[in-house]
Amino acid sequence: MTIPSPSLPESISRPLPSSFTAFLRHIPATMKSTRPDGRRFVVTSFFFISFLCILASINEVRLDSLLKFGRCTLSGIPFRSNNSSISQDLSDNSSSEEIRILLGILTLPDQYQRRHFLRLIYGTQTPLGAKVDVKFVFCNLTKEDQKVLVALEIMRYDDIIILNCKENMNKGKTYTYFSSLPEMLNGEDRPYPPYHYVAKADDDTYFRLQSLVDSLRALPREDLYYGYVIPCPSMDPFVHYMSGMGFLVSWDIVEWIRESEIPKKRLQGPEDKVFGDWMREGHRGKNRFNAKWSMYNYPEPHTGCTHELWPDTIAVHLLKNQEKWIHTLQYFNHTKNLKPSKLYHIS
């Protein structure tokens, strides 16, 4: 297939007028004259300069025609402005205004299968308007197989925090978690604060991350204490403390826990109750949010802390077996974003 060459505009292909060609031939002869006649030199220079001006005008017309021709031939090529980099910078800056949340799931080193399952749960959630980092938190490794298997997990997923403590539930693990974060996370290469909020959760709690983010949008980012208030019948967030199923504080409280002597004096006891005692004695958490009944225990067995599964849910606690997890995930249609493909069929 032969593609015809585009024809040039008439103003580009037209030859120079014969008068200009003759004048060009005349100029060298004049310039070669050796007679020292000043008047002839002035006249010749005047005509030469005039000719240059006329020639420049003709070339300008030709250049304009050429540009028009170029625009016609390139009209099908998309135009990209250098301002695209500016737009990208602006979008990057806007992303820095997103809510930053650290969700620390306290678990045990040997709970490999539970961690892999929870990675599926949280890795398939993409909350809008926030950056949510999910980390698995436990104390020092004590077995040789842990040192290999956990190291492989870190190499693959980079989602584990190992605290400098002996594994425990109610003897200071929660304190070690919160008090270690400022030294771990504060740095010149990070924004400040590294996270607006830090949460502690059990590994049998299912958090719906978008619901969590939406509930935080209008809340303060300082002196905040958020969760499911205990005792179960109470709706007053100041009456006692937030349940250990999952509670959240702002970054300034995390730094206070590290610096204050109050938490250090009381480390043992039910970790959620002890945490509430710190808040009360230190006069912290003046901004409190009770997320009940968007946070609750799984409906069965029924207690004063349970609630039926319902759409306005942030977290469900006490998912102690796979049957409860599957029922919960099915209710909230967690797999609704599964893309259709010829490679599988799931009815």
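User: Which residues of α11 are buried?

Analyst: A quick word on terms and on the model comes before the list. Buried means under 20% relative accessible area, exposed over 50%, and partly exposed in between, with a 1.4 Å probe and protein chains only. Helices (H or I, at least four residues) and strands (E, at least two) are DSSP runs numbered from the N terminus. This is a predicted model, where local features need pLDDT of at least 70, side-chain atom pairs count only at pLDDT 80 or more, and totals for chains, interfaces and linings use all residues. Residues are numbered from 1 along each chain as its sequence is written, and side-chain values use heavy atoms, leaving out hydrogens and water. Now α11: E271, D272, V274, F275, G276, D277, W278 and M279 are buried there.

User: Why is α11 largely enclosed?

Analyst: Eight of the 11 residues in helix α11 (residues 271-281) are buried, so the rest of the structure largely encloses it. Just after α11, H283 has a positive phi of about 55°.

User: How many cavities of 30 Å³ or more are there?

Analyst: Think of a 1 Å grid over the protein atoms alone: a cavity is a set of points where a 1.4 Å probe fits but cannot get out, and lining residues have an atom within 4 Å of a point. Points are joined across faces, edges and corners, and the volume is the space filled by probe spheres set on them. Here the count is one, and the largest cavity holds about 60 Å³.

User: What lines the largest cavity?

Analyst: The lining includes K173, T174, L267, E271, V274, F275 and W278. α7 (173-185) and α11 are the elements that give two or more residues to it; α11 has the largest share, four residues.

User: How do I read the faces of strand β10?

Analyst: In a regular strand, side chains alternate between the two faces of the sheet. In β10 (residues 287-290), R288 and N290 make up the covered face, while N287 and F289 make up the uncovered one. As for pairing, two strands pair if DSSP finds at least two bridges between them. Strand β6 (residues 224-227) runs parallel to β10, joined by four bridges, and Y226 has F289 as its bridge partner.

User: In what order do the strands of the open sheet come?

Analyst: The order is β5-β12-β11, three strands with mixed pairing. β5 (206-207) and β11 (295-297) are at the edges with a single partner strand each, so one side of each has no neighbour in the sheet. β5 and β12 (residues 315-317) run antiparallel, joined by two bridges, with Y206 opposite V316.

Terms used. On a 1 Å grid over the protein atoms alone, a cavity is a set of points where a 1.4 Å probe fits but cannot get out, and a pocket is an open set with protein on both sides within 12 Å along at least five of seven lines; lining residues have an atom within 4 Å of a point.
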